[in-house]
Amino acid sequence: MSVSPKRDRGKLASRAVQAGFVVVLIGAWYIGTTLGRISPILLPNPLNVYHELIDVLWTGEFVGDLRITLMELAIAFAISSTAGITLGYLISRSKYSIRVFEPLMAGIYSIPIILFLPLYILFFGLGPASKIALGVTTSFFPIVLNTIAGFGYVDRIFVLSARSMGASDYQLFRWVLLPAAFPIILTGLRIGFTVALLSILGSETIASLAGLGHRIVHLAEGMDTARMFAYITFAVAIALFLNTVTSTLEARARRR
């Protein structure tokens, strides 16, 4: 039997287990809210959440909040990816710079960046700027660290071989360094994109004037729990979709 059918069956089995887990979770949720004594204020019935979700999608009231959240994400990721890849490449050109800045960047990355949200709000206000600043900060470090790892640890024999054949700096970058570093950089970009999305959604629930996170908190304050869960489901679906897209793009780029 070839490897491909086994791999396909393995993927199908994994998907079946994942789908089964979701079904069991929703079933337990339904039983607990229907036959149990769980207050609908704390945990609404999933059917009510479903109806609210359909209403949210049908009326299109989510469009404004989704546009703001995606705008914040796009700007934050564009800034962090550009700055992270550029700085990571510059640092990777010197072994001394790698020894100095790589541990420093890793140490800063270990700090919970969400702690700086009050400072960003003080500087930039409650609008999108503070969320963009937080998204840039959280996504910058995985991108710059992976870029340093990608460019800085290319096997020296490849570099020496290219130099011995008379390769210019551009040719060395284009045909040796970039192909070797590209898969690692892609991983950093995917991680940076994911943490930027999570940090922006999280910061919107803490202090914001608009966005999906702000809408969820607003509904919670109004005790509209079913609609709040509908928006949570919608936000989770958007996050899963974007993560799937970035993972697919990463996998396709690796195969090229």
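Q: In which helix is Ser81 found?
A: A helix here is a DSSP run of H or I, at least four residues long; a strand is a run of E of at least two, and both are numbered from the N terminus. Ser81 is found in helix H3, which spans residues 63-92. A word on the source: this is a predicted model, where local features need pLDDT of at least 70, side-chain atom pairs count only at pLDDT 80 or more, and totals for chains, interfaces and linings use all residues. Residues are numbered from 1 along each chain as its sequence is written, and side-chain values use heavy atoms, with hydrogens and water left out.

Q: Does Ser81 count as buried or exposed?
A: Read the relative accessible area: buried is under 20%, exposed is over 50%, and partly exposed lies in between (1.4 Å probe, protein chains only). Ser81 has 13% relative accessibility, so it counts as buried.

Q: Which backbone oxygen does the side chain of Ser81 reach at 2.7 Å?
A: Look for polar contacts: pairs of N or O atoms within 3.5 Å; within protein, one must be able to donate a hydrogen and the other to accept it, and residues adjacent in sequence count only if both atoms are side-chain atoms. The side chain of Ser81 reaches the backbone oxygen of Phe77 at 2.7 Å. A polar atom of that side chain also lies 3.2 Å from the backbone oxygen of Ala78.

Q: With which residues is Ser81 in contact, leaving aside neighbours within four places in sequence?
A: Contact means heavy atoms within 4.5 Å. On that basis Ser81 is in contact with Ile143 and Leu189, its neighbours within four places being left aside.

Q: How many helices and strands does the protein chain have?
A: There are 10 helices and zero strands. Read along the sequence, the pattern is α-α-α-α-α-α-α-α-α-α.

Q: What is the radius of gyration of the protein chain?
A: Compare it with a globule rule: the radius is taken over C-alpha atoms, and the rule is 2.2 Å times the number of residues to the power 0.38. A compact globule of 256 residues would come near 18 Å, but this chain has 23 Å. Along the principal axes, its C-alpha atoms fill a box of roughly 75 × 60 × 30 Å. Of the 256 residues, 38% count as buried. Among contacts with a separation of 6 or more, 73% join residues 24 or more positions apart.

Q: What does H4 reach from its first C-alpha to its last?
A: The expected span of a helix is 1.5 Å times one less than its number of residues. H4 (residues 95-109) has 15 residues and reaches 21 Å, close to the 21 Å expected.

Q: Where does the kink in H4 lie?
A: A bend is the angle between axes fitted to the seven residues ending at a residue and the seven starting there. In H4 a kink of about 25° lies at Phe101, shortly before the proline Pro103. The buried residues of H4 are Ser97, Ile98, Glu102 and Met105. Their cover includes helix H3 and helix H6 (128-152). Ser94 caps the N-terminal end, with a side-chain oxygen 3.3 Å from the backbone nitrogen of Tyr96.

Q: Which residues of H2 are buried?
A: Pro46, Val49, Leu53 and Val56 are the buried residues of H2. They cover an arc of only 75° around the axis, which puts them on the same side of H2. The arc is that of the directions from the helix axis to the C-beta atoms. The face turned away from the buried side carries the exposed residues His51 and Trp58. At the start of H2, a side-chain oxygen of Asn45 reaches to within 2.8 Å of the backbone nitrogen of Leu47. Just after H2, Gly60 takes a positive phi of about 75°.

Q: Which residues does Tyr30 touch, not counting those up to four places away in sequence?
A: Tyr30 touches Asn45, Pro46 and Leu47. Tyr30 itself has its place in helix H1 (residues 3-34). It is partly exposed, with a relative accessible area of 37%.

Q: With which residues is Ala235 in contact, leaving aside neighbours within four places in sequence?
A: Ala235 is in contact with Leu212 and Ile216. Both are among the buried residues of helix H9 (residues 212-221), along with Gly213 and Leu219. Those buried residues fall within an arc of 130° seen down the axis of H9, so they line one face of the helix. Ala235 lies in helix H10 (residues 225-255). It is buried, at 9% relative accessible area.
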